[in-house]
Amino acid sequence: MLQLIRDRAQGFVVGVIVLFICLTFALWGVEEYLGAGATVVVAEVDGSDIELPEFQRTFQRLRQQAQALFGDDFDAADWTGETAKNSALDHVVEEHLLLSLADDANLRMSDRQVAEQIRNSEQFHDEDGNFSAETYSRLVNYMGFSEVGFEQQIRRDFILNQ
């Protein structure tokens, strides 16, 4: 039986069919590989997309703030439902709207103001009460920021608080 199939599978038509099948799988694989990095948009605000990583960072930040605020009374189960996710999404949308309004009003924070804000934060001071660059770098890295990213977050928070 197999010999009969092998004998008849030697022709030009069979080669074209096999080539067509190979090309189909190859193109499908390439498309899947290239499409794997597609962004997931969770909301659109004022023509600007809010992508999944930004939503996830905000969700984690809000969860960490709640954990720090409630301490031992923090219940992780409260953060697994749709209510917590919708609340975090509302928070991201509100931030985008406020930043858009702040941008329209030309609200800015200078480099000097950022440096002053950081220097005055007691969390970055050593035992003597002086600003410590080493403590600053260590805590910023512990929070998951680069120093530039942390400074951008300070600017963003300052503008949102205005």
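Me: Hi! What kind of model is this, and which pLDDT do side-chain atom pairs need?
Reply: Hello! The model is predicted, so local features need pLDDT of at least 70 and side-chain atom pairs count only at pLDDT 80 or more, while totals for chains, interfaces and linings use all residues. Residues are numbered from 1 along each chain as its sequence is written, and side-chain values use heavy atoms, with hydrogens and water left out.

Me: Great. How many salt bridges are there?
Reply: The count is 5, where a salt bridge is a side-chain nitrogen of Lys or Arg within 4 Å of a carboxyl oxygen of Asp or Glu.

Me: What does arginine 156 pair with?
Reply: Arginine 156 forms a salt bridge with glutamate 54, at 3.8 Å from N to O. Arginine 156 sits in helix 7 (residues 147-161) and glutamate 54 in helix 3 (residues 52-70), so this pair ties together parts 102 residues apart in sequence. Helices here are DSSP runs (H or I, at least four residues), numbered from the N terminus.

Me: Is glutamate 54 buried or exposed?
Reply: Glutamate 54 is buried, at 16% relative accessible area. For the cut-offs, buried means under 20% relative accessible area, exposed over 50%, and partly exposed in between (1.4 Å probe, protein chains only).

Me: What else does glutamate 54 touch?
Reply: Leaving out residues up to four places away in sequence, glutamate 54 touches Val92 and His96 as well as Arg156. A contact means heavy atoms within 4.5 Å.

Me: Moving on, which residue does glutamate 95 bridge to?
Reply: That would be arginine 61, with the closest N and O atoms 3.3 Å apart. Glutamate 95 is in helix 4 (residues 82-104) and arginine 61 is in helix 3, so the pair ties together parts 34 residues apart in sequence.

Me: And how accessible are glutamate 95 and arginine 61?
Reply: Glutamate 95 is buried, with 6% relative accessibility, whereas arginine 61 is partly exposed at 24%.

Me: Which residues are linked with Glu54 in a network?
Reply: Arg61, Glu95 and Arg156 are linked with Glu54 in a network of salt bridges.

Me: New topic: what is the salt-bridge partner of aspartate 103?
Reply: Aspartate 103 pairs with arginine 108, and their closest N and O atoms are 3.3 Å apart. Aspartate 103 is partly exposed, at 41% relative accessibility, and arginine 108 is exposed, at 52%.

Technical notes: Helices (H or I, at least four residues) and strands (E, at least two) are DSSP runs, numbered from the N terminus.
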